[in-house]
Amino acid sequence: MESRSLQVLEFGKVLNHLAGLCVSEAGAEAALAVRPLAGVEAVHHAAALFDEARRWAGHTGFRLSSFPPLGGVFRALDAPATVLDLDALWALRQTLGLARKLAASIRESQSTGGRWDLLTGLVDAHPLPQRTVSGLDRCVSDDGLLRDESSPELSLVRGEIRRIHQQCTRKVKEYAQRYNIGHYLQDEFMTLSSDRYVLPLKSNFKGRLQGIIHDYSQTGETCYFEPMFLVELNNGLQELKREEREEERKVLRYLTDLVRDELAAVRGAYDLLVEGDVLCARCALSARFEEFGDAGAVSITEGGQVSLLGARHPLLALAAARGGKDGTASAQSARPASRVPHAAGKGAAATGHGPQAVDIELLPGQLGLVISGGNAGGKTVCLKTLGLIALMGLAGLPMPVRPGSSLPFWTDIFAFIGDEQSLEDNVSTFTAQIRHLSGVWDRLGPGALVILDEFGAGTDPAQGAALAQAVLDEVMDAGSTVVAATHFPALKAYALTREKVRAASVLFDPATKRPLFRLAYDQVGASQALDVAREHGLPEAVLRRAEQYLLLDGEDTSALVDRLNALAVQRESEISSLRAEEARLRDKRTKLDERFERERRTLFESVQGQAKAVLQEWKSGKVSHKQALKALAETRARLVGGVAGNGDADGATDASGAPQSPALQVETLRAGQAVRYVPWGKKGSVVEVDARRGRVRVDLSGVTMWAEAKDLAASDEKPHVAVGAVTRTISDATASMRVDLRGMRADVAVSELSRALDKALLAGMSAVEAIHGRGTGALRKEIHAFLRTFPAVKSFALAPEDQGGDGVTIIELK
């Protein structure tokens, strides 16, 4: 990526914001070194890693704390004889401890429901140096000192030092009490001078005691006096101090060797922390963008479409998020000073609502976008917005755009923005543009984006416009994407007539002539030069003369352009309203779906709980089998009634969303008739009709159930009768059902009869007719044996001859 384009598009300022959000010096340095990635796979990996980091941070609430830089430590370890001091080891302990917390947070949250495989892979790629971590934790304390238990020898030496300190304290107290020298002392405690225990003696009493004077205070009023009885103890103390320093050096050398042995793992843990710091800074940057709008991901693919939805200039968005403290500076960087007040006032700190969002889109097959319109309308800001967001997307940074945005994968971005003239090099604006373009011409191709801001404006308008058109043609013929801002009428006409080019215009308020900082596509706009000059204080006499010259030249098309601008503003307003309504309806649908799922889950749990309670009572013998079945039937009926009630509340559709048909009357229903069960929105057929109770047994794709007649509606399907279906209408008090078991094996017949008896009990039947046929009587014998053990059977007997004789068994239920 060309470094000059990074500078022109102010990519470095975004990195400065990113570095300011890091918690460590090393993280800030890594943030400033971020560059666009080489390869679309690397871009996709960076985007996926950032998405996981954002979800992980929101899920766990983990925040990195500051950690010291270790660059100097690693450089020192390059020398084989180097022994790290205590400060360096303490810095290593703090850093490795924080890396351990970071890795533990990622792994633990992965095991508790989070899914961040890339973060877990990142942690697995940087395993902790376990021996170094253990050694530093054991030897270095939280306050940065060596612990006594670092080695047995160090513990013994320090124990002796503490013993001597206690002995000196005791002897000093005894000496002061025996010789009553308390009034000689400046303080009531002893102190250290030259690493020896001494007494703070008043200077005017120094000749009254035997001992050694080591030093005086700055005022000279106190001398640090070593009595003779402390000399021997202090000599022993010096020897112990020497031994302590030697043991400490041994511990430091041991810890340094541990670090050097696992140096690769130590560097890896440090790199993990630095990368985690930058990832957390990216999450914080995304949160800044979300303060005044969206911060969605941009889909970057090879050959993708240019479609930035609700894009805002990142620096203006960051300035607004920070309360407008640097809003003017950021706005000035987005455009020369003459156009700043409008951009800053409208888009940043002046309104408090953040910069105006704009859609930057090309249709399929288009490679060029030409933006025209009035001065200070935001054309250059649009160009910089596209270029800077493209750089941020290629670098894996969050962007201030709406979700659903997309960009092609560009390997090169060339920006020609601003006045490039140089007095030192004797180069004019036009010459500088040509030199720069010539220098990158050989690098143009399908993976390049070219941004031209008023290209050719520094020379004759006719020749400059012709040159600009030729440049756009050649750039697009090379397969590159080009986005240009212009005031040339010829280039505006070119944009409307060229097949691969799309025209766009910045909009102005028809009433106030102030810019709206929005784009209207497939049209061109006037430059509004006179209006801008009037707004910025140019004398009215000059403006009137300019209008007269326009009339003389026949160039006054302001009325036509104003009309086109007004129509475009109206269209954009209507589109915005439709988008807002679409978003409102989408939110409403989402809330309704969530409410339905919540109520469905609650209802299911309630019914499940009731069913479990009934089964537990049946298993414990509190209720009979028949009572349990009836209780389950009542629970099912309440469930069906609740669903039906919800369906009736709409009044227009059933559960499936289809229009409701008028309810059927039970007297009109016949077995085999096709119906639709309204509460469930399912189609089925009538199996039995209970006219007395006003209910019907229906078969819904293999599921048979009793339903109220009012819950059924006519269906367009042809009537049919399922195999084994009962075709008898029930209308008397001794309602019964019939099951045909002929031709079945004994075990299958018993199973079918058992299911039929359960259904009869649920339906409130008093009798069941089992058709088993005469034959050899073997099937009848097995059925009767089963009926003797079925608890809900009151009695059974062969049917009368006119009802089937010994080929049918009539079963009476309890």
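# How the labels in this structure are reached

User: Why is Arg586 called partly exposed?
Analyst: Arg586 has a relative accessible area of 45%. Buried means under 20%, exposed over 50%, and partly exposed in between (1.4 Å probe, protein chains only). The value for Arg586 falls in between, so the label is partly exposed. The model is predicted, so local features need pLDDT of at least 70 and side-chain atom pairs count only at pLDDT 80 or more, while totals for chains, interfaces and linings use all residues. Residues are numbered from 1 along each chain as its sequence is written, and side-chain values use heavy atoms, with hydrogens and water left out.

User: What makes Arg586 and Glu582 a salt bridge?
Analyst: The N to O distance between their side chains is 3.2 Å. A salt bridge needs a side-chain nitrogen of Lys or Arg within 4 Å of a carboxyl oxygen of Asp or Glu, so this pair qualifies. Glu582 is also partly exposed, at 46% relative accessibility.

User: Where do Arg586 and Glu582 lie?
Analyst: Both are in helix H21 (residues 558-619), four residues apart, or about one turn of the helix. Helices (H or I, at least four residues) and strands (E, at least two) are DSSP runs, numbered from the N terminus. An α-helix has 3.6 residues a turn, so residues three or four places apart point the same way.

User: How do you know that Glu247 and Lys250 meet in a salt bridge, and is each buried or partly exposed?
Analyst: Their N to O distance is 3.6 Å, which is within 4 Å, so the pair counts. Glu247 is buried because its relative accessible area is 11%, whereas Lys250 is partly exposed at 44%. They stand three residues apart in helix H10 (residues 228-261), about one helical turn.

User: How many salt bridges are there by this rule?
Analyst: The count is 33. One of them joins Arg695 and Asp690, with the closest N and O atoms 3.5 Å apart. Both Arg695 and Asp690 are buried. Elsewhere, salt bridges that share partners join Asp148, Arg158, Arg162, Glu244 and Glu248 into one network.

User: What places Arg695 over the ring of Trp706?
Analyst: Its charged end is 4.8 Å from the ring centre. The rule asks for NZ of Lys or CZ of Arg within 6 Å of the ring centre and within 35 degrees of the ring normal. Arg267 likewise lies over the face of Phe74, at 4.5 Å from the ring centre.

User: Why is the pair of Phe74 and Tyr270 called edge-to-face?
Analyst: The search of the whole structure finds four aromatic pairs. In this one the ring centres are 5.6 Å apart and the planes make 70°. Rings of Phe, Tyr and Trp (its six-membered ring) pair if their centres lie within 6.5 Å; planes under 30 degrees apart count as stacked, over 60 as edge-to-face and the rest as tilted. An angle of 70° is over 60, so edge-to-face applies. Both residues are buried, and ring pairs link Phe67, Phe74 and Tyr270 into a cluster.
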